[in-house]
Amino acid sequence: NADMEQNNQDTINTPENTTPDNAFVFSEELMPLREKMNTLFEKYSHLQPSLFFVDLDNGAFVNMNGMEAFPAASTIKTPILVAFFQDVDAGKILLDEKLTMTEETLATEAGTMQYQPIGTQYTALKVAEEMIIRSDNTATNMLIERLGGVQALNERFKEWGLESTVINNYLPDLEGTNTISARDLAITLMKVSNGDLVENRSRDRLLGIMERTITNTLLPQGIEPNATIYHKTGDIGKVLGDGGIIDIPTGKRYVGAVLVQRPHNDYTARTMIQEISREAYQHFKWYQPRPTAN
């Protein structure tokens with residue numbers, strides 16, 4: 001149904017700033033997968049979930065509340081990492097340049113850099129790694145500063161076609177003032193995978209870092225042991241989330257992003273994300289797109 005597909009594409013509001021030769025086109029909504037997700041949404045009716053999954057082979061997707069702005073927690077670190085590698089590509093940052101931890105950037109909650117004395121120096125690459133792998137908040141603040149500050153980053157996110165991704169405060173941001181949407185997270189990861197935002201060698205390095213994320217209690221729990229996931233989680237009292245690129249041994253690659261608003265620290269948000277991930281993985285594992293007629 002062409003009309004329906006057109007409507008779906010309108011809802012997604014695909015960013016216009018991709019070049020025509022590698023522009024990514026969303027095709028049809030995967031209704032069977034959407035129905036499975038609906039069942040989970042009903043099962044966990046006390047939670048406010050949102051999700052966006054997309055098949056990178058053919059643009060088929062599922063979007064459920066995916067445009068809605070949620071507190072970002074540490075999922076904001078994914079677009080920050082991409083911005084970092086863009087500046088590496090542009091020669092504005094050297095991977096081995098030294099960044100200094102200051103009073104202003106020191107942050108509690110996640111990460112081990114907070115326990116080092118003020119004035120400690122790290123290479124830029126080490127700071128980027130700590131931000132993702134251990135979700136280090138001090139590292140994140142150091143990168144925000146190095147990348148020109150909050151405003152400069154927010155403008156850049158807009159240029160990528162992200163509509164809800166805004167940094168309002170340094171981390172840890174336990175109040176949840178920084179925002180993102182499942183769609184924004186998915187689009188960022190899609191663009192990285194398709195080589196739109198960063199050059200190949202930076203993409204390889206970026207995925208290598210995201211593959212080493214320590215927290216594996218969310219999306220990774222739904223995929224099989226021989227699959228690979230490049231992802232970053234977010235966890236504050238009011239929201240739990242995870243977004244990643246998943247490679248299935250069949251050769252299929254898909255992107256998934258899930259954000260769940262919850263009663264403070266409600267544990268069932270974790271179970272819900274695991275179940276969403278399992279449904280998506282099994283769907284993409286067996287799903288064969290029909291060949292398009294020439």
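This is a predicted model: local features need pLDDT of at least 70, side-chain atom pairs count only at pLDDT 80 or more; totals for chains, interfaces and linings use all residues.
Residues are numbered from 1 along each chain as its sequence is written, and side-chain values rest on heavy atoms, with hydrogens and water left out.

Helices (H or I, at least four residues) and strands (E, at least two) are DSSP runs numbered from the N terminus, and two strands are taken to pair if DSSP finds at least two bridges between them. An open sheet is formed by 5 strands in the order S2-S1-S9-S8-S7, with antiparallel pairing. Strand S2 (61-64) and S7 each have a single partner strand and stand at the edges, so one side of each is left without a neighbour in the sheet. From one strand to the next the twist averages 10 degrees. Strands of a sheet pair through backbone hydrogen bonds, either parallel or antiparallel.

Strand S7 (residues 228-236) runs antiparallel to strand S8 (residues 239-247), and 9 bridges join the two; a hairpin of 2 residues connects S7 to S8. Within this pairing His231 stands opposite Gly244 in S8, and Asp235 has Leu240 in S8 as its bridge partner. Although S7 is an edge strand, 7 of its 9 residues are buried, where buried means under 20% relative accessible area, exposed over 50% and partly exposed in between (1.4 Å probe, protein chains only). Helix H8 (residues 200-210) lies across S7, S8 and strand S9 (253-261), running at about 60 degrees to S7; axes are lines fitted to C-alpha atoms, for helices over the stretch in contact, and angles run from 0 to 180 degrees between N-to-C directions.

A nonpolar core is defined as a set of buried Ala, Val, Leu, Ile, Met, Phe, Trp, Tyr and Cys residues joined through side-chain atoms within 4.5 Å. The largest such core has 61 residues, of which Val54, Ile80, Leu81, Phe84, Phe85 and Leu143 touch the most other members. A second, separate core of 31 residues includes Leu33, Tyr44, Ile248 and Ala280. Contact means heavy atoms within 4.5 Å, and, not counting residues up to four places away in sequence, Phe84 touches Ile93, Leu95, Ala124, Leu125, Ala128, Leu143 and Leu147.

Two further residues illustrate contrasting surroundings. Thr75, placed in the loop between strand S3 (70-71) and helix H3 (77-89), is buried with a relative accessible area of 0%, and its contacts beyond four places in sequence include Ile180, Lys232, Asp242 and Leu259. Lys36, in helix H2 (residues 31-43), is partly exposed at 34% relative accessible area, and is in contact with Glu279 and His283 when neighbours within four places in sequence are left aside.

The whole structure holds 7 aromatic pairs; rings of Phe, Tyr and Trp (its six-membered ring) pair if their centres lie within 6.5 Å, and planes under 30 degrees apart count as stacked, over 60 as edge-to-face and the rest as tilted. The rings of Phe53 and Tyr254 have centres 6.3 Å apart and planes at 35 degrees, so this pair is tilted. Phe53 belongs to strand S1 (residues 48-55) and Tyr254 to strand S9, 201 residues apart. The rings of Tyr254 and Phe284 have centres 4.4 Å apart and planes at 25 degrees, so this pair is stacked. Because Tyr254 lies in strand S9 and Phe284 in helix H9 (residues 268-286), the pair ties together parts that are 30 residues apart in sequence. Both Tyr254 and Phe284 are buried. Ring pairs also link Phe26, Phe52 and Phe61 into a cluster.

The search for salt bridges (a side-chain nitrogen of Lys or Arg within 4 Å of a carboxyl oxygen of Asp or Glu) finds 14 in the whole structure. In one of them, Lys252 pairs with Asp57, the closest N and O atoms being 2.7 Å apart. Lys252 lies in the loop between S8 and S9 and Asp57 in the loop between S1 and S2, so the pair ties together parts that are 195 residues apart in sequence. Lys252 counts as buried, at 7% relative accessibility. Asp247 forms a salt bridge with Arg253, with the closest N and O atoms 2.6 Å apart, and Asp247 is buried at 18% relative accessible area. Salt bridges that share partners join Asp55, Asp57 and Lys252 into one network.
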